[in-house]
Amino acid sequence: MALAFFGVRASPEELAQLLGYVPRAGAPARNVLRLSKYGVSVRYQQDGVLEDLEREVQRGSVVIAFVRTGELPYWEEDVPHAVVVSGVEAGVLYLNDPSFQEAPIPVPEDDFILAWDEFGCQWATVARPQEDSL
Amino acid sequence: MVLEFVESLAAGTAIGAREARRRVSAWLVGHVGHLLMGGEPRYIAGERPVWRVPVQVTLGVWGEVGFVDVDARSGELLVNDRTPEEILARVKALAGNTAPR
């Protein structure tokens with residue numbers, strides 16, 4: 001989802017190998033940094049705050065957050081997951097969730113924080129290099 | 001769970017069960033695999049009391065593939081460089097080493 005936004009074409013198999021994906025376990029979130037191989041600028045951080053996400057969304061970066069779905073009101077399962085944060089407004093975040101066709105999905109800020117905090121508020125951004133250097 | 005909580009209070013632990021699970025989940029997602037998370041911690045009393053947090057597989061199959069201990073006094077995760085490999089080996093054993101789709 002994030003790479004396609006920047007016109008990067010990569011097969012799922014190629015991405016799985018690059019990220020160190022293991023079936024049923026996934027890939028370490030920090031391995032998202034390896035996506036810089038495709039000429040995009042990538043950042044990965046822990047212990048983020050909402051202002052970080054809001055700033056990066058406003059800059060046009062693709063913002064990925066690692067969350068526990070049990071805290072998100074539109075999920076019925078309780079599993080680890082990654083979503084794209086596409087908007088931040090007062091009290092509400094808008095998520096593009098690869099598991100749902102509807103997009104963006106509005107989520108109350110408090111629910112999002114609970115879901116995000118469960119995994120240490122980890123987040124990543126993918127941006128064009130010139131955007132990241134602003 | 002309530003008994004473990006009371007026991008941990010009596011032992012003067014620095015972190016509670018939820019924080020222990022949170023630290024393990026954050027470490028799993030960041031260093032092992034983003035589809036793994038910590039389950040319900042158990043308090044293990046002893047000379048060095050720990051929260052024992054099971055590692056849960058949640059995609060496709062549900063199961064536990066080991067545990068991570070958290071020092072209940074310092075909050076330190078008791079892992080080493082080999083821990084991620086050991087967890088991933090158990091995930092593969094549980095789910096079968098199928099090719100990524």
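Guide: What follows goes from sheet to helices to salt bridges. This is a predicted model, in which local features need pLDDT of at least 70, side-chain atom pairs count only at pLDDT 80 or more, and totals for chains, interfaces and linings use all residues. Residues are numbered from 1 along each chain as its sequence is written, chains are lettered from A and ligands numbered from 1 in the order in which they are written, and side-chain values use heavy atoms, with hydrogens and water left out.

Visitor: What is the order of the strands in the open sheet of chain A?

Guide: The order is β1-β6-β2-β3-β4-β5, six strands with antiparallel pairing. Strands (E, at least two residues) and helices (H or I, at least four) are DSSP runs, numbered from the N terminus. Neighbouring strands here are turned by 35° against each other on average, direction ignored. Axes are lines fitted to C-alpha atoms, for helices over the stretch in contact, and angles run from 0 to 180 degrees between N-to-C directions.

Visitor: What makes β1 and β5 of chain A edge strands?

Guide: Each pairs on one side only. β1 covers 41-45 and β5 covers 105-108.

Visitor: How do you know that β1(A) and β6(A) pair?

Guide: Two strands pair if DSSP finds at least two bridges between them. β1(A) and β6(A) (residues 123-127) have five, in the antiparallel sense. So they pass the definition. Across from A:Q45 stands A:W123 of β6(A).

Visitor: Why is β2(A) called largely enclosed?

Guide: Seven of its seven residues are buried, so the rest of the structure largely encloses β2(A). Buried means under 20% relative accessible area, exposed over 50%, and partly exposed in between (1.4 Å probe, protein chains only). A:V62, A:I64, A:F66 and A:R68 point one way; A:V63, A:A65 and A:V67 point the other way. A:R68 comes to 10%, so it counts as buried.

Visitor: What lies across this sheet?

Guide: Helix α4 (residues 109-117) of chain A lies across β2, β3, β4, β5 and β6 of chain A. It runs at about 75° to β2(A). Contact here means heavy atoms within 4.5 Å.

Visitor: Why is A:R59 called partly exposed?

Guide: Its relative accessibility is 23%, so A:R59 falls in the partly exposed class. A:R59 sits in the loop between α3 and β2 of chain A. Its C-alpha is 14 Å from that of A:A124, 65 residues apart along the chain.

Visitor: How does the span of helix α2 of chain B compare with the expected one?

Guide: The expected span is 1.5 Å times one less than the number of residues. α2(B), residues 17-32, has 16 residues and reaches 21 Å from first C-alpha to last, close to the expected 22 Å.

Visitor: Why is α2(B) called largely enclosed?

Guide: 12 of its 16 residues are buried, so α2(B) is largely enclosed by the rest of the structure. Among them are B:A17, B:W27, B:L28 and B:V32.

Visitor: What makes A:R68 and A:D78 a salt bridge?

Guide: The definition asks for a side-chain nitrogen of Lys or Arg within 4 Å of a carboxyl oxygen of Asp or Glu. In this pair the closest N and O atoms are 2.8 Å apart, so it qualifies. A:R68 lies in β2 and A:D78 in the loop between β2 and β3, so the pair ties together parts 10 residues apart in sequence. A:D78 is partly exposed, at 28%. Over all chains, the count comes to 16 salt bridges.

Visitor: Which salt bridge does B:R21 form?

Guide: B:R21 pairs with A:E118, with 2.9 Å between the closest N and O atoms. This pair crosses between chains, from α2 of chain B to the loop between α4 and β6 of chain A. B:R21 is buried at 14%, and A:E118 is buried at 1%.

Visitor: What separates B:R23 and B:E19 along their helix?

Guide: About one helical turn, because they are four residues apart in α2 of chain B. B:R23 is partly exposed at 28%, and B:E19 is partly exposed at 24%. Salt bridges with shared partners join residues including A:R68, A:D78, A:E118, B:E19, B:R21 and B:R23 into one network.
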